[in-house]
Amino acid sequence: GGGAGGGDVARSFLKKNKDELHAKLPALMAASRWPFVRDLFLARAADSRRGEVARQFAASMKELTETLAATDQHFIRCIKPNDRRTPFDFDEALVRSQLQSCGVLAAACVAQAGFPYRRTFLSMLDDFRDLLTLEEQRLAWGGSAAERKAMVRKLLTQAGFADEDYQLGRTMVFGSAGLEAQFAERARELRERREADERARQREAEAMSAEQKARLAEMEREREEAHAAMIAAAEAATVDAEKRRLEAEAEARAKDAELEATRAAMQQELEERRAAADAAEAQRAADEAALEEARREEEARLLEAAQRQRAAEEQARAPARK
């Protein structure tokens with residue numbers, strides 16, 4: 001019934017549901033050979049206190065609430081396909097009637113006309129973090145909501161979306177129908193373009209390396225020619241030939257010194273590049289570790305905030321129940 005009678009029924013719910021299980025029943029069910037049944041009663045059998053139905057119901061509801069709060073919630077509408085209870089048999093008129101009466105078609109039209117795509121800034125930046133620099137990734141996890149909003153706007157602008165395709169709230173991005181798929185496709189194109197630029201830079205570096213090798217080969221050839229000239233001059237018996245031999249020998253020694261100096265410089269440059277690459281790799285590893293730590297701290301902070309909010313809501317509902 002309604003009115004005062006209904007309130008009495010609600011207030012007397014706990015009193016009417018204090019039925020206690022016999023102490024031996026949980027132990028008996030915990031010894032079942034069926035794993036599902038055994039798991040249901042293991043915790044109760046280990047508890048020396050005699051559990052009440054109402055207390056167990058409240059604990060189950062709390063566990064369910066925590067599970068729902070930790071997941072991405074989606075509304076699911078169940079539709080009866082036919083009245084004959086046969087699989088893979090859809091009655092078009094019956095299904096259409098249910099969709100219309102349940103408001104599913106109307107809800108789809110409203111979502112299509114508005115912004116059906118809704119994601120938090122943090123979730124969107126996490127999905128497309130490979131499009132961000134390390135500094136931007138650090139801001140995504142450790143920065144303010146305004147900084148995340150600016151990065152989301154930058155990503156959408158780089159992907160070529162117009163302002164009317166989306167709206168940015170305080171902590172979420174709202175997009176038109178198909179925005180997520182379109183953004184994923186344009187992000188893929190942007191990623192491919194960046195990879196092509198990186199390959200072009202690598203080819204340029206390889207070309208520079210080949211140019212250095214060509215220079216070394218040319219210097220080797222010049223040195224061989226100088227040594228050949230020195231030998232030819234040594235075979236001559238005239239004073240003029242001896243003079244030319246000495247000049248060729250001096251030139252050969254100069255070429256040897258130049259070649260050794262060039263090799264030493266290139267070796268030093270190679271070692272400096274390796275040292276710089278090692279330092280960059282160490283810095284990248286440190287940045288990734290810091291980013292992961294910031295991400296964990298952000299997740300812990302969000303979880304703590306959600307728990308405080310649930311505690312505040314439960315505290316606010318407590319006087320109402322009394």
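Predicted model: local features only at pLDDT ≥ 70, side-chain atom pairs only at ≥ 80, totals over all residues.
Me: How many helices and strands does the chain have?
Reply: Helices (H or I, at least four residues) and strands (E, at least two) are DSSP runs, numbered from the N terminus. Here the chain has twelve helices and three strands.

Me: What share of the residues is buried?
Reply: Buried means under 20% relative accessible area, exposed over 50%, and partly exposed in between (1.4 Å probe, protein chains only). Of the 322 residues in this chain, 18% are buried. Areas come from the Shrake-Rupley method with a 1.4 Å probe; for residues, only the protein chains shown count as cover. The accessible surface of the chain is about 23700 Å². Carbon and sulfur atoms hold 56% of that surface.

Me: Which residues have the most contacts inside the largest nonpolar core?
Reply: In soluble globular proteins, nonpolar side chains tend to be buried together. A nonpolar core is a set of buried Ala, Val, Leu, Ile, Met, Phe, Trp, Tyr and Cys residues joined through side-chain atoms within 4.5 Å. The largest one here has 21 residues, and Met124, Val152, Leu156, Val173 and Phe183 have the most contacts inside it. Helix H8 (121-127), helix H10 (145-158), strand S2 (166-168) and helix H11 (179-235) each give two or more residues to this core.

Me: What does Leu156 touch?
Reply: Contact means heavy atoms within 4.5 Å. Residues up to four places away in sequence aside, Leu156 touches Met124, Phe161, Tyr166, Leu168, Val173 and Phe183. For the chain, take contacts with a separation of 6 or more: 58% of them join residues 24 or more positions apart.

Me: Is Ser32 buried or exposed?
Reply: Ser32 counts as buried because its relative accessibility is 17%. Its place is the loop between helix H3 (24-30) and helix H4 (35-46). A polar atom of the Ser32 side chain lies 3.1 Å from the backbone nitrogen of Trp34. Beyond its neighbours within four places in sequence, Ser32 is in contact with Val37 and Arg38.

Me: How many salt bridges does the structure hold?
Reply: Side chains of opposite charge can pair when their charged atoms come close. A salt bridge is a side-chain nitrogen of Lys or Arg within 4 Å of a carboxyl oxygen of Asp or Glu. The structure holds 17. One of them joins Asp89 and Arg84, with the closest N and O atoms 2.8 Å apart. Asp89 is partly exposed, at 24%.

Me: Where do Arg221 and Glu225 lie?
Reply: Both lie in helix H11, four residues apart, about one turn of the helix. Arg221 is partly exposed at 37%, and Glu225 is partly exposed at 45%.

Technical notes:
Residues numbered from 1 in each chain as written. Heavy atoms only, no water. Polar contact = N/O pair within 3.5 Å; in protein donor to acceptor, adjacent residues only side chain to side chain.
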